[in-house]
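Welcome! Try each task by yourself before you read on.

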Amino acid sequence: MKRFIFLGPPGAGKGTQADFLSKKLSIEHISTGELLRQEIAAKTTSGEKARLFVESGDLVPDEIVIEILKDHISKIRGAGYILDGFPRNTAQAQSLEEHEIGVDKVILFDIDKETVIKRLSGRLYCPACKKFYHEEYRPPKEDTLCDNCHRALIRRKDDDPESIENRIRVYLEQTHPLIKYYEEQGKLEHIDANKEVDVINQELLERIGR
Ligand code: AP5
């Protein structure tokens, strides 16, 4: 089993790298942000409760996210998983232990705030394929259409300047303490997330792909 957590500020490139690595290693990419966006799009009870938190960049209440994650993870039968965006506070980290959801390594995406803002401000998203692009760093081949399904790309509601600032603040207050939590467990590894996508792809493959 290969079981990883990708930890880091919004826009650090966790989703981009988790997408790449999960395909290379044939393991599951579990993004709680994406699971929540699916619940919101489907207008489920959990989605309706989560919507305003997600749009403003606040954390969705623990009980909602933990329930969604537990349900999703119970269906996984593969060789492992990458948890992208979970846990985001100490209570969520403890819930993994309580539910015996194992973690072998935690990869911390180290990145400057300025780079985060540039990445999130230019991000484009395909609501059908769930694939992310960037106006400058990862432009789609044709104008603003998805390379896979040719649907029009959109901007996430939480990528407006106010929500970005709030997400960074929430990260520093609530998620940052997890660095010490996992350091003390001897599971933390740093990656320089300021580098180019391909360079980080290779570093991750060398360090955790074996
Ligand atoms: P979530 O979807 O997890 O958002 P996030 O953590 O803010 O992370 P992002 O998806 O914004 O960034 P990323 O690090 O994945 O970067 P990406 O690869 O896209 O969560 C959304 C919301 O859901 C939260 O705010 C919260 O409300 C709620 N939520 C989720 N989980 C929760 C939980 N556990 N508890 C409570 N609430 C929860 O890259 C960003 C951009 O940069 C892209 O355009 C990409 O193309 C580009 N890019 C990526 N890497 C590079 C690179 N190396 N060089 C240049 N460009 C790059």
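**Exercise 1.** Decide whether H150 is buried, partly exposed or exposed, and work out where H150 is placed.

*Solution.* Keep in mind that this is a predicted model. Step one is the relative accessible area, which is 45% for H150. Step two is the comparison with the cut-offs: buried is under 20%, exposed is over 50%, and partly exposed is in between. H150 is therefore partly exposed. Step three is the place, and H150 belongs to the loop between β6 and α7 (161-175). One more detail deserves a look: the phi of H150 is near 65 degrees, a positive value in a residue other than glycine.

**Exercise 2.** Examine the backbone at E100 and at the bond from F86 to P87. What is the phi of E100, and is the peptide bond cis or trans?

*Solution.* Most residues other than glycine have a negative phi, and most peptide bonds are trans. Now turn to E100, which is not a glycine but has a positive phi of about 55 degrees. E100 sits in the loop between α5 and β4, and its relative accessibility is 73%, so E100 counts as exposed. Then take the peptide bond from F86 to P87: its omega is near 0 degrees, and the bond is cis. P87 is part of the loop between β3 (80-84) and α5 (90-98).

**Exercise 3.** How many aromatic pairs does a search of the whole structure find? Classify the pair formed by F6 and F109.

*Solution.* The search finds 3 aromatic pairs. F6 and F109 form a pair with 5.1 Å from centre to centre and 55 degrees between the planes. Planes under 30 degrees apart count as stacked and those over 60 as edge-to-face, so the rest, with angles in between, are tilted. The pair of F6 and F109 is tilted.

Next, find both partners in the chain. F6 is in strand β1 (residues 2-7) and F109 in strand β4 (residues 105-110), so the pair links distant parts of the chain, 103 residues apart. Finally, check how accessible they are: F6 is buried, at a relative accessible area of 1%, and F109 is also buried, at 1%.

**Exercise 4.** Which residue lies over the face of F132, and which has its charged end over the ring of Y133?

*Solution.* For F132, the residue is R123, at 4.7 Å from the ring centre. For Y133, the residue is K131, whose charged end is 5.5 Å from the centre of the ring.

**Exercise 5.** Describe the surroundings of the ligand: how many residues surround it, and which element supplies the largest share of the shell?

*Solution.* Start with the count. The ligand is surrounded by 37 residues, and the closest are T16, D58, R88, R123 and R167. By class, the shell has 16 nonpolar, 9 polar and 12 charged residues.

Now look at the elements. Several supply at least two residues each, among them α1 (14-25), α6 (113-121) and α9 (197-208). The largest share, 4 residues, comes from α2.

A backbone N or O atom of G13 is 3.0 Å from a ligand oxygen. A polar backbone atom of D58 is 2.6 Å from an oxygen atom of the ligand. In the side chain of Q92, an N or O atom lies 2.9 Å from a ligand nitrogen. To finish, consider the cover: on its own the ligand has 1,000 Å² of accessible area, and the protein covers 97% of it.

Conventions
Residues are numbered from 1 along each chain as its sequence is written. This is a predicted model: local features need pLDDT of at least 70, side-chain atom pairs count only at pLDDT 80 or more; totals for chains, interfaces and linings use all residues. Side-chain values use heavy atoms; hydrogens and water are left out. Rings of Phe, Tyr and Trp (its six-membered ring) pair if their centres lie within 6.5 Å; planes under 30 degrees apart count as stacked, over 60 as edge-to-face and the rest as tilted. Buried means under 20% relative accessible area, exposed over 50%, partly exposed in between (1.4 Å probe, protein chains only). A charge sits over a ring if NZ of Lys or CZ of Arg is within 6 Å of the ring centre and within 35 degrees of the ring normal. A residue is near a molecule or strand if one of its heavy atoms lies within 4 Å of it. A polar contact is a pair of N or O atoms within 3.5 Å; within protein, one must be able to donate a hydrogen and the other to accept it, and residues adjacent in sequence count only if both atoms are side-chain atoms. Accessible areas come from the Shrake-Rupley method with a 1.4 Å probe; for residues, only the protein chains shown count as cover. Ala, Val, Leu, Ile, Met, Phe, Trp, Tyr, Cys and Pro count as nonpolar, Asp, Glu, Lys and Arg as charged, and the others, Gly among them, as polar.
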